[in-house]
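Trainee: I've got the model up on screen. Can we go through a few of its features together, with the cut-offs spelled out as we go?

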Amino acid sequence: MALRTRLHNYIESLKEEGVLDSQYDHVKSLQPDDDPCFLVDIINNFCNDADHSIGELANVLSEPIVDYAKVMTLVCLLKGSSSSIGGCRMAVACRQLHDASVNGDLANCCMAYDKLVNEYYYLRDKLKTVHQMERTIMHNEERKKK
Amino acid sequence: MGIDAGMWKLAGSSSSSSTCRRFHASSLGGSSGEVKALVVDDSRINQMLHHKLLDNLGVENLVVCNGKEAVDIHVSGKQFDLILMDIDMPVMNGIEATRKLRDMGIRSVITGISSHTLDHVKQEFIAAGIDEYHEKPLTSAKLLSILNKIKHKD
């Protein structure tokens with residue numbers, strides 16, 4: 001119970017900080033009773049996919065001729081997944097990169113990309129803490145059942 | 001024409017969930033039978049979330065990874081009341097897939113779900129034949145309003 005309270009308070013602090021929004025609660029509410037790994041899987045998949053997209057973006061932005069359409073596609077993917085998981089600050093950073101790529105402004109794209117990376121790493125770090133706490137709670141509950 | 005192995009079926013059969021309500025078309029005032037949905041999205045997160053959202057509402061649903069798979073599954077004879085269509089996908093995007101489905105005579109409700117905020121992209125999506133557009137994330141409230149529109153359509 002203490003860990004659940006601690007997790008709840010941690011999530012609330014992330015919301016106050018603006019890192020997460022109520023969409024996170026919505027995602028958590030989708031977790032079925034018979035699949036305690038659902039939220040953990042969502043977080044894992046989000047981080048794996050975002051790691052890949054962030055890396056791809058770095059490659060695209062470092063090309064001699066930048067394919068801004070590709071930048072926009074990757075950014076839309078990141079914006080979609082970050083907003084779907086409740087990562088609102090990261091979604092805002094995605095929007096800024098998207099706007100810069102629409103204008104074909106490489107300098108602003110690079111600045112926006114750096115900001116996006118910072119926001120993503122920050123969010124990822126926080127989600128990993130959530131992930132660890134959720135897994136500990138799951139593990140404790142499984143032990144109680146035995 | 002076969003279905004790509006990347007497609008996966010996620011039936012709304014979580015009978016262990018006491019909160020699962022079968023979303024019957026008959027309860028929507030339309031013809032009898034359950035509402036069936038197709039999720040078309042290349043993002044694993046959104047696939048999982050949209051599937052779960054539909055599952056929790058008792059809507060039987062399939063998930064495919066791109067527009068081509070969406071078209072292929074209709075060519076195979078499957079039909080859906082609702083298609084949740086993303087825009088940016090590999091192989092075939094949502095705009096092209098929507099156009100092809102409408103050309104095939106598919107009259108399902110197609111709801112565009114995307115992170116795109118560019119007006120011209122949304123306009124192109126609408127011109128391709130979607131019934132409405134929602135920006136991600138898709139919430140239960142948005143999904144319920146979509147499902148209610150299917151009721152009124154029937």
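This is a predicted model: local features need pLDDT of at least 70, side-chain atom pairs count only at pLDDT 80 or more; totals for chains, interfaces and linings use all residues.

Trainee: How many disulfides does the structure hold over all chains?

Mentor: Take Cys37(A): its closest cysteine sulfur is in Cys47(A), 16 Å away, so that's too far for a bond. The sulfur of Cys110(A) has Cys109(A) as its closest partner at 6.7 Å, which is also too far for a bond. Over all chains, the number of disulfides is zero.

Trainee: Is Cys110(A) buried, partly exposed or exposed?

Mentor: Buried means under 20% relative accessible area, exposed over 50%, and partly exposed in between (1.4 Å probe, protein chains only). Cys110(A) has a relative accessible area of 33%, so the word is partly exposed.

Trainee: Are H1(A) and H6(A) roughly parallel or roughly antiparallel?

Mentor: Helices (H or I, at least four residues) and strands (E, at least two) are DSSP runs, numbered from the N terminus. Axes are lines fitted to C-alpha atoms, for helices over the stretch in contact, and angles run from 0 to 180 degrees between N-to-C directions. H1 (residues 2-17) and H6 (residues 106-145) of chain A pack at about 165 degrees, with axes 10 Å apart. Angles under 35 degrees count as roughly parallel, over 145 as roughly antiparallel, 65 to 115 as roughly perpendicular and the rest as oblique, so H1(A) and H6(A) are roughly antiparallel.

Trainee: Which peptide bond is cis, with omega about 5 degrees?

Mentor: Most peptide bonds are trans. Look in the loop of chain B between strand E6 (132-135) and helix H5 (140-153), where Pro137(B) lies. The cis bond joins Lys136(B) and Pro137(B).

Trainee: And what is phi of Val91(B), roughly?

Mentor: Most residues other than glycine have a negative phi. Val91(B) lies in the loop between strand E4 (82-85) and helix H3 (94-103) of chain B, and it's exposed, with a relative accessible area of 66%. Its phi is positive, near 70 degrees.

Notes:
Residues are numbered from 1 along each chain as its sequence is written. Chains are lettered from A and ligands numbered from 1 in the order in which they are written. Side-chain values use heavy atoms; hydrogens and water are left out. A disulfide is a pair of cysteine sulfur atoms within 2.5 Å.
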